[in-house]
Each structure stands twice: as structure tokens, then as C-alpha cells.
Amino acid sequence: LRQKRVLSERKLTRYFVDHRRVRVVGGQGGGGGHSFYSEPRKIFGGPDGGNGGDGGHVILKADQQVKSLSSVLPFYQGCHGERGGSKNCYGANGACVYVKVPVGTLVKEDGKVMADLTQDGEEYVAAYGGAGGKGNRFFLSNENRAPTFFTPGEPGQERVLHLEMKTTAHAGLVGFPNAGKSSLLRAISRAKPAVAAYPFTTLNPHVGIVHYQDYEQVAVADIPGLIKGAHQNRGLGMSFLRHIERCRFLLYVLDLSVPQPWMQLQDLKYELEQYKKGLSERPCVVVGNKIDLADSRVNLALLKEQVAERVIALSALTGANLEELLLHLRELYDAYVKAEQSRGQSPVKW
């Protein structure tokens, strides 16, 4: 069979959606029934109109297989409940409408966070369906032996929600444009982000899975390049800074071929700290990329003198010293798992 043509990064941009405004309306409840029991030789059978069914809910459900909000429609409505029938028959309840969203989706209403779907299968009722109406049988009493009135079904809840997706991954590749983050992700995983010799090649986050021999899997996210003033929405801005919030540990990717590469690390930590306090203090490692170039050897020695973190020098292009990064990545992952288990929480698994 002929293989599908590989789409470029720019063509893939329209398929990746991390924001969505959704209007949700619950199903309307069914009206109550209005009838009287009729049978030969039984004239005064009495009222027998049943109650209407409840309207269906609109439920947001986190699904591990969904990777983007592109499949989420702008409007959802629950199914309506059926009307009550004669012979005290109740109307059927309306079916619930399930909307699959990616794991790590924030649900906001008027700027307030209503739900945070961080686990696979977690659900949130976005809009409740209306209650069904009462039939005339419900109003039977000693004072009124033949009630003729009934109530209609109530309308469903209506809300306007803002869905915001944050990439859920164990490690995040943070660096300036053209530092080699996408090339590094290609080298350590099967992800295929676009790679080119110009800045801002990566326009949306990519997640690659690093496989180990004991079947453990570590998710690494390639965050689009940051620039100075990113916390003020410059460049790709804050729309991609929020994807770093979910990462448990960070990999600062520096270009060793530029003069004073330690200044990149200071600028990156400053941008992260300005965006969210304490974000730059997460467990991290400094990755010095492009060690195969001429000026990188000299800058590597200067970088180790300037920074206190561990520095791993490698080349994503030639694959030099990738084993050291993979071993240290596993150490960071094991430390994260032990920390979560000591607090009685389950770590995120892929």
C-alpha cells in the first residue's frame, strides 16, 4: 500500500488546538402526562398521567487517546427527556452526551477554574439536564380526585465554558529557538517534529516516549522556543509557557556554539519564574547541545564553571553521549515516582 505523505509542521498546525470555547446546554425534561384511566364498566378510573423523563447531561471525559482539542465542537446539547404517558407510564430519561477531551484539560468559566481533568477517565458534568414534569397523577389528593393540570419539563442548564489544554509529560525540553530541542527529541524517541535551520521551526508542542528495557516509559515534551519577554506574551508567548506547568522535571537545552551559553540558562529561568513562581526550582538538568561544533568544547568548560546544575554535553545530530542523558532521565523519573508514592499519590504513567 502506498504510504501517506508526511505533513509538514505548518500543515499540522491547524490540527493542534489547545484552546476551545464551548457552549453546552443540558437536555430539556419531558412534560408530564395528562390522561384518565378508561375501562368498560369503570367510569371513574382516575388520573393516570405519568411523569416526564429527565433531560440528559453534557459530560466532559478525559481520554488518553485524545491529544488535542481539535475534535471538540463549539456546541453540545444533551438529549431531551420523553413525555409521560398514560397508565402511569414514566417518560424515558434523555441520554447523556459525552465529550472526549485530552488528559490535562482545564475547564474555566468566567476566568474561574471549574475542573482540572488530570487522570484518564475522569469526568466533569458540564451541564445538567432539566428535571421532568409531573403528570396529573402526581396531583391526585383527597381534595382533588380528578386533577386536570400537569407541569412541563424544566429546561437544561446552559453554560459557556473555556477549555484549555496543558500538555501532560514527565520531562519538558526548554530552550531558545534553534537550540536543537526537536532534534534531541527525534534522537531519544520516535517522535518526528519538524527540524530546520531557522528559528521557530516548532509551532506546537510534541510529546515523545522514551522506552526502557524494564518497559517503563518516560514522556518528554518538546516546548516551542522561548525568547526574552515570553512571560509578556512576546514571540509564541504565554500560550506555550503553560505547557511547562505539567512537567515534573525540566531539561534546559543550551546551544554550546554561541558565546556565553550560561546566559541562556539565566534568561530561561527568569522567564519561567516570571510566569509562575517556583517553576524554575523544579528538578532539572542542563543539556549542552551541538558539542560536535568547533567552539563548543571551549564553551563547555566555561559553562560548567558558571552553573551549579549538572551539565550533560551531547550532540543530537551525531548521537554522541545520548546514553548519559537517558540514564540521568531515568534517575529523575525514579525520583519523581518515589516522591509521589511517599505522599500517597499515584504517579503519571504512560
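Trainee: What does Lys108 count as at 22% relative accessibility?
Mentor: Lys108 counts as partly exposed. Buried is under 20% relative accessible area, exposed is over 50%, and partly exposed is in between (1.4 Å probe, protein chains only).

Trainee: What sort of model is this?
Mentor: It is a predicted model, where local features need pLDDT of at least 70 and side-chain atom pairs count only at pLDDT 80 or more, while totals for chains, interfaces and linings use all residues. Residues are numbered from 1 along each chain as its sequence is written, and side-chain values use heavy atoms, with hydrogens and water left out.

Trainee: Back to Lys108. Which side chain does Lys108 meet in a salt bridge?
Mentor: The side chain of Glu164, at 3.2 Å from N to O. Glu164 sits in strand S8 (residues 158-165) and Lys108 in strand S5, 56 residues apart, so the pair links distant parts of the chain. A salt bridge here is a side-chain nitrogen of Lys or Arg within 4 Å of a carboxyl oxygen of Asp or Glu. Strands (E, at least two residues) and helices (H or I, at least four) are DSSP runs, numbered from the N terminus.

Trainee: And is Glu164 buried or exposed?
Mentor: Buried, at 11% relative accessibility.

Trainee: Which residue does Glu109 form a salt bridge with?
Mentor: Arg159, with the closest N and O atoms 2.7 Å apart. Arg159 counts as buried, at 8% relative accessibility.

Trainee: How many salt bridges does a search of the whole structure find?
Mentor: Eleven. Asp214, Arg330 and Asp334 are linked in a network of salt bridges.

Trainee: New topic. In what order do the strands of the open sheet run?
Mentor: Five strands, in the order S3-S1-S8-S5-S6, with mixed pairing. The edge strands are S3 (75-77) and S6 (112-117), and each pairs on one side only. Two strands pair if DSSP finds at least two bridges between them.

Trainee: How many bridges join S1 to S3?
Mentor: Three, and the two strands run parallel. S1 covers residues 19-25. Val24 has Tyr76 in S3 as its bridge partner.

Trainee: Last one. What is the phi of Asp110?
Mentor: Positive, about 55°, although Asp110 is not a glycine. Asp110 is found in the loop between S5 (105-109) and S6. At 76% relative accessibility, Asp110 counts as exposed.
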